[in-house]
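The following exercises are intended for a reader who meets this structure for the first time.

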Amino acid sequence: MKLIERTDYLDKLKNTIHTPDIKVITGIRRSGKSKLLEMFIGYLNKTIPDANIIHINYNLFQFSSIKHAEALNEYVEKQFAQTKENFLLIDEVQLCKDFEQAINSFHASEKYHIYITGSNAFLLSNDLATLFTGRTYSVEVFPFSFKEFLSYFADSDIQQAFDRFEMEGGMSGSYLYGSIEDKYNYLNEVFETLIVRDIQQKYRIRNDSLLDSLNDFLVDNISSEVSARSIANTLTSKGSKTDDKTVSSYIKYLCASYAYYKIRRYDIKGKRYLASQDKYYLADHSFKYSKHGTKNYDYGKVYENIVCIELLRRGYEVYTGVLYQKEIDFVAIKRNEKLYIQVSDNISSKETMERESSPLLSIKDAYPKLIIARTRHPKFQYEGIAIWDIALWLVNG
């Protein structure tokens, strides 16, 4: 498989080399966590002459004899080099029984730089404080961005490449398949594995059909405002009897495993978060097509999903905005920076442009305001609002 250097993630790992934290690489299945670790090892070999690299990949049979904490501890201690800088890197750490005991011991010894990856169901962000008594630093790996897609295919025609990206998405494992049908079969298998193997195994879910129905509902309703109660009522009306408490728990599991991202509502005028309906976005928009096909293609919702994940990838906190009963697709916040963003399929008509710009023009503060759409034109201004073509924003915005 062709590899590209994922510079942003690699830089994050480089910057943590001399920190005392346990570095945990998280993200949805098949997003490239293991390959990132391999790239990091290559960097260490080139730049730290006295590095002693202890790399354990539990996917490999050669490590099958050390799949419990005592054996892992013994193996690592034997590999330790007193006069060198020791780096311990473990892939799929959850395959080792009681791995947290060994990792905590390594961390307490202060002898190792520790980097681990693992199945999402066992390394959820909200579990890290419980699993590891010491400090942790998480690097969340997303599927390929559009910029990475361009790099992978060495494509210089941005607009033509985006036409492919909006259909194929950022799960690079699918790029090896020739036909779009085979790509979607691969993506569906990844997504089903994520749900069936990871979530059902960790949480011992017995009502498989309810989880499937909920997942189908969320896929169909990406970018739509929903609540646990409204979803429960909808599923019950269709024969899957449930309640809002169960739905809320299942959604929490799906989000914790990086299948979906929950976006809360933000009252722009009151500067407060709202506890009512939320929006959910897929980790990669291509999963929508792999599940339900492209027959009822909704460009607007797909573009929203792409923009949401890109904002998260760039390190923003993302909310959906409310102002005077008007909806703003995204409020993106990073330290002292704030962006107001509307996403649209087509703003070529005067009516559409006015509809999309009206909520933004109602905001009286001086933070940047953007409309991101499929214009196929260079960036321009409209009433102080920056109008971006989505492909160009993904590359340059």
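**Exercise 1.** Is Ile306 buried or exposed? Determine also where Ile306 is placed and what Ile306 is in contact with.

*Solution.* The model is a predicted one.

Step 1. Ile306 belongs to helix α13.

Step 2. The relative accessible area of Ile306 is 6%. Buried means under 20%, so Ile306 is buried.

Step 3. Apart from neighbours within four places in sequence, Ile306 is in contact with Phe162, Phe165, Glu166, His285, Ile390 and Leu394.

**Exercise 2.** Describe how helix α7 packs with helix α13, and state which residues meet.

*Solution.* 

Step 1. Helix α7 covers residues 158-168 and helix α13 covers residues 299-313. Their axes are 11 Å apart, and the packing angle is about 90°.

Step 2. Angles of 65 to 115 degrees count as roughly perpendicular, and α7 and α13 are therefore roughly perpendicular to each other.

Step 3. On the α7 side, Phe162, Phe165 and Glu166 take part; they meet Tyr299, Val302, Tyr303 and Ile306 of α13.

**Exercise 3.** At what angle do the axes of α10 and α11 cross, and what is the make-up of their contact?

*Solution.* 

Step 1. The axes of helix α10 (residues 228-237) and helix α11 (residues 244-256) cross at roughly 110° and come within 8 Å.

Step 2. It follows that α10 and α11 are roughly perpendicular to each other.

Step 3. From α10, Ala228, Arg229, Ile231, Ala232 and Leu235 meet Asp244, Val247, Ser248 and Ile251 from α11.

Step 4. The residues of this contact of α10 with α11 comprise six nonpolar, one polar and two charged.

**Exercise 4.** Which residues of α14 are buried, and which exposed residues does the face turned away from them carry?

*Solution.* 

Step 1. Helix α14, residues 350-361, has twelve residues. From its first C-alpha to its last, α14 reaches 15 Å, close to the 16 Å expected at 1.5 Å a residue.

Step 2. The buried residues in α14 are Thr352, Met353, Glu356, Ser357, Pro359 and Leu360. These residues lie on the same side of α14, because they cover an arc of only 155° around the axis.

Step 3. Turned away from this buried side is a face of α14 with the exposed residues Lys350, Glu351 and Arg355.

Step 4. The cover over the buried residues of α14 includes the strands β8 (317-323), β9 (326-334), β10 (337-343), β11 (369-373), β12 (380-382) and β13 (385-389).

**Exercise 5.** Where is the place of Gln342, and with which residues is Gln342 in contact?

*Solution.* 

Step 1. Gln342 is part of strand β10.

Step 2. Its relative accessibility is 3%, so Gln342 counts as buried.

Step 3. Neighbours within four places in sequence aside, the contacts of Gln342 include Glu356, Pro359 and Leu360.

**Exercise 6.** Which residues of α3 are buried, and what do they pack against?

*Solution.* 

Step 1. In helix α3 (residues 69-79), the buried residues are Ala69, Ala71, Leu72 and Val76. Their arc around the axis is only 165°, which puts them on the same side of α3.

Step 2. The face of α3 turned away from the buried side carries exposed Glu70 and Lys78.

Step 3. The packing partners of the buried residues of α3 are β2 (51-57), β3 (85-91) and α4 (99-109).

**Exercise 7.** What is the phi of Glu383, and is Glu383 buried or exposed?

*Solution.* 

Step 1. Most residues other than glycine have a negative phi.

Step 2. Glu383 has a positive phi, near 55°. The residue lies in the loop between β12 and β13.

Step 3. Exposed means over 50%; at 60% relative accessibility, Glu383 therefore counts as exposed.

Step 4. Arg30, which is not a glycine, also has a positive phi, of about 60°. Its location is the loop between β1 (22-27) and α2 (33-47).

Note on methods
Residues are numbered from 1 along each chain as its sequence is written. This is a predicted model: local features need pLDDT of at least 70, side-chain atom pairs count only at pLDDT 80 or more; totals for chains, interfaces and linings use all residues. Side-chain values use heavy atoms; hydrogens and water are left out. Axes are lines fitted to C-alpha atoms, for helices over the stretch in contact, and angles run from 0 to 180 degrees between N-to-C directions. Helices (H or I, at least four residues) and strands (E, at least two) are DSSP runs, numbered from the N terminus. Angles under 35 degrees count as roughly parallel, over 145 as roughly antiparallel, 65 to 115 as roughly perpendicular and the rest as oblique. Contact means heavy atoms within 4.5 Å. The expected span of a helix is 1.5 Å times one less than its number of residues. Buried means under 20% relative accessible area, exposed over 50%, partly exposed in between (1.4 Å probe, protein chains only). The arc is that of the directions from the helix axis to the C-beta atoms. Ala, Val, Leu, Ile, Met, Phe, Trp, Tyr, Cys and Pro count as nonpolar, Asp, Glu, Lys and Arg as charged, and the others, Gly among them, as polar.
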